[in-house]
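Visitor: Hi! I'm new to this one, could you walk me through it?
Guide: Happy to, let's have a look together.
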Amino acid sequence: MFIGKVLGNVVSTYKHKELTGKKLLIVQDLANEDPNQTMIALDAVGAGIGEIVLVTNDGGVARDCLHLKTAPINLAVIGILDHYS
Amino acid sequence: MFYAKVVGTVTATLKDKSLYGKKLLIIEPVDCRGDKQGDLMVAVDTVQAGFGDLVFYAKSKDAALAMENPNTPVDSVITGIIDSIYKTL
């Protein structure tokens with residue numbers, strides 16, 4: 001897992017059927033300063049734009065958090081951080 | 001999942017049985033502004049992406065779950081076509 005920041009979201013009509021109804025968030029890994037190197041993570045906790053979040057990069061964990069069995073996902077937002085130091 | 005742009009197609013007659021009938025596209029990993037971010041790679045298309053489309057794809061073992069047979073030997077599968085990106089920060 002890593003700490004990321006939500007920069008926005010992605011709208012996609014034609015996508016895998018298991019991804020329908022889920023929010024696709026644009027996430028930047030805070031360990032990597034470049035704001036353009038972002039990834040797309042499925043939202044499991046209703047994170048908003050600009051929030052510091054906890055992101056998992058293991059597909060199995062992502063599927064468990066979203067109660068999906070065969071969704072082809074690598075990343076999921078599984079927590080919203082209140083404070084980190 | 002990661003952004004990519006479709007830049008070409010691949011046709012292969014002799015390939016693994018489970019890849020028969022699947023469209024193979026050449027994709028170029030890009031960042032969200034469209035700048036090149038990695039080397040070209042081949043991905044299986046499951047959403048009928050066309051040439052020049054901005055798509056997102058799944059990597060590694062999770063990608064194979066997008067296929068009917070989850071044991072197909074693929075490690076990158078296009079799982080969605082991006083209509084619009086709403087990025088404020």
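Guide: One term before we start: a nonpolar core is a set of buried Ala, Val, Leu, Ile, Met, Phe, Trp, Tyr and Cys residues joined through side-chain atoms within 4.5 Å. Please also keep in mind that this is a predicted model.

Visitor: Okay! Which residues touch the most other members in the largest nonpolar core?
Guide: Those are A:V55, A:V77 and B:I78, in a core of 23 residues.

Visitor: And which elements give two or more residues to this core?
Guide: From chain A they are β1 (2-11), β2 (24-29), β3 (38-43) and β4 (52-56), and from chain B they are β1 (2-10), β2 (23-29), β4 (54-59) and β5 (76-81). The most comes from β1(B), which gives 3 residues.

Visitor: Back to B:I78, what is it in contact with, leaving aside neighbours within four places in sequence?
Guide: Its contacts include B:V6, B:L25, B:I27, B:V44, B:V47, B:V55 and B:F56. B:D45 and B:T46 are on the list too.

Visitor: Which residues are in the second core?
Guide: That separate core has 19 residues, among them A:I26, A:A62, B:Y3 and B:V30. As general background, nonpolar side chains in soluble globular proteins tend to be buried together.

Visitor: New topic: how many salt bridges are there over all chains?
Guide: The count is 6. In one of them, the side chains of A:K23 and A:D43 meet, at 3.8 Å from N to O.

Visitor: Why does that pair tie together parts that are apart in sequence?
Guide: Because A:K23 sits in the loop between β1 and β2 of chain A while A:D43 is in strand β3 of chain A, the pair links parts that are 20 residues apart in sequence.

Visitor: Is A:D43 buried or exposed?
Guide: A:D43 is buried, at 10% relative accessibility, whereas A:K23 is partly exposed at 38%.

Visitor: Which pair crosses between chains?
Guide: A:R63 in helix α1 (residues 59-65) of chain A pairs with B:D62 in helix α1 (residues 60-64) of chain B. Their closest N and O atoms are 3.0 Å apart. A:R63 is buried, with a relative accessible area of 10%, and B:D62 is buried too, with 9%.

Visitor: What about B:K22, which residue does it form a salt bridge with?
Guide: Its partner is B:E68, with the closest N and O atoms 3.5 Å apart. B:K22 lies in the loop between β1 and β2 of chain B and B:E68 in the loop between α1 and β5 of chain B, so this pair ties together parts 46 residues apart in sequence.

Visitor: Is B:E68 buried or exposed?
Guide: B:E68 is exposed, with a relative accessible area of 65%, and B:K22 is partly exposed at 22%.

Methods. Residues are numbered from 1 along each chain as its sequence is written. Chains are lettered from A and ligands numbered from 1 in the order in which they are written. This is a predicted model: local features need pLDDT of at least 70, side-chain atom pairs count only at pLDDT 80 or more; totals for chains, interfaces and linings use all residues. Side-chain values use heavy atoms; hydrogens and water are left out. Buried means under 20% relative accessible area, exposed over 50%, partly exposed in between (1.4 Å probe, protein chains only). Helices (H or I, at least four residues) and strands (E, at least two) are DSSP runs, numbered from the N terminus. Contact means heavy atoms within 4.5 Å. A salt bridge is a side-chain nitrogen of Lys or Arg within 4 Å of a carboxyl oxygen of Asp or Glu.
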